[in-house]
Amino acid sequence: MKDTFKHQGLRQKLVATLKSKGISNEKVLEAIGAIPRHLFMDSSFLDHAYQDKAFPIAADQTISQPYTVAFQTELMQVKRGDTVLEIGTGSGYQTAVLCVLGAKVYSIERQNELYKKTSKFLPKLGYRAKKLIFGDGYIGLEDEAPFDSIIVTAGAPFVPKPLLSQLKIGGRLVIPVGDDVQIMTLFIRKGPKEFEQHEFGEFRFVPLLEDKN
């Protein structure tokens, strides 16, 4: 579990790459510059940890491309103390970014293998989510709602209604919608039944699956 000067240097290069691709939120860039992404990956991929690419992790899932993590996080406009729901804990890298930004993070993972691994691993690195949950992300987390923002880190064929209903007024849902290719979509809750929708181009994600396995 080492984080060397070499790793830190590679991270600063990654931050520069993200800036050049249009990421401008300083706090998001600082978080990516601070978090040792190589520790979230299989050791055989260490050389690739600071390239702007997605990589496979356990249970046929991936650790998202850093640009995608930064892009989604920037859309959320996270403020310190915000209550955030993450659908798809995965490796825990996005969770760590949200923790560094000072959010109270509730994260749901439906792959038991990943859930077990990440729930042990994240606290070891010092990233403490409010709660990591093994469950079905499609239904959200009614008990802890409403949320300041919700992030979905897998491709959703449709927008799950419970997620929209669990946003605060003014809250933001960032979700990639589509089957083979996803359109990054932002919903802002304007009133009890009123949502503003914005689209931000194509991304590719592993699919968001219903039910636990």
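The model is predicted.

A search of the whole structure finds 10 aromatic pairs. One of them joins Phe 40 and Phe 121 edge-to-face. Phe 40 sits in the loop between helix 2 (26–34) and strand 1 (55–56), and Phe 121 sits in helix 5 (residues 112–125), so their contact ties together parts that are 81 residues apart in sequence.

Another pair is formed by Tyr 138 and Phe 158, and its geometry is tilted. Tyr 138 belongs to the loop between strand 5 (131–134) and strand 6 (147–152), while Phe 158 belongs to the loop between strand 6 and helix 6 (161–165), so this pair links parts that are 20 residues apart in sequence. Tyr 138 counts as buried because its relative accessibility is 6%. Phe 158 has 40% relative accessibility, so it counts as partly exposed.

The geometry of both pairs is set out here.

| Pair | Type | Centre to centre | Angle between planes |
|---|---|---|---|
| Phe 40 and Phe 121 | edge-to-face | 5.3 Å | 90 degrees |
| Tyr 138 and Phe 158 | tilted | 5.3 Å | 45 degrees |

Phe 40 and Phe 121 also belong to one aromatic cluster with Tyr 93 and Tyr 127. Arg 37 lies over the face of Tyr 93, at 5.6 Å from the ring centre. The charged end of Lys 21 sits over the ring of Tyr 67, and the distance to the ring centre is 5.9 Å.

Next comes strand 3. Which way do its side chains point? In a regular strand the side chains alternate between the two faces of the sheet. Thr 83, Leu 85 and Ile 87 point one way from strand 3, and Val 84 and Glu 86 point the other way. All of these residues are buried. With 5 of its 5 residues buried, strand 3 (residues 83–87) is therefore largely enclosed by the rest of the structure. Strand 3 runs parallel to strand 4 (residues 104–109), and 5 bridges join the two. Val 84 has Val 105 as its bridge partner in strand 4.

Notes. Residues are numbered from 1 along each chain as its sequence is written. This is a predicted model: local features need pLDDT of at least 70, side-chain atom pairs count only at pLDDT 80 or more; totals for chains, interfaces and linings use all residues. Side-chain values use heavy atoms; hydrogens and water are left out. Rings of Phe, Tyr and Trp (its six-membered ring) pair if their centres lie within 6.5 Å; planes under 30 degrees apart count as stacked, over 60 as edge-to-face and the rest as tilted. Helices (H or I, at least four residues) and strands (E, at least two) are DSSP runs, numbered from the N terminus. Buried means under 20% relative accessible area, exposed over 50%, partly exposed in between (1.4 Å probe, protein chains only). A charge sits over a ring if NZ of Lys or CZ of Arg is within 6 Å of the ring centre and within 35 degrees of the ring normal. Two strands pair if DSSP finds at least two bridges between them.
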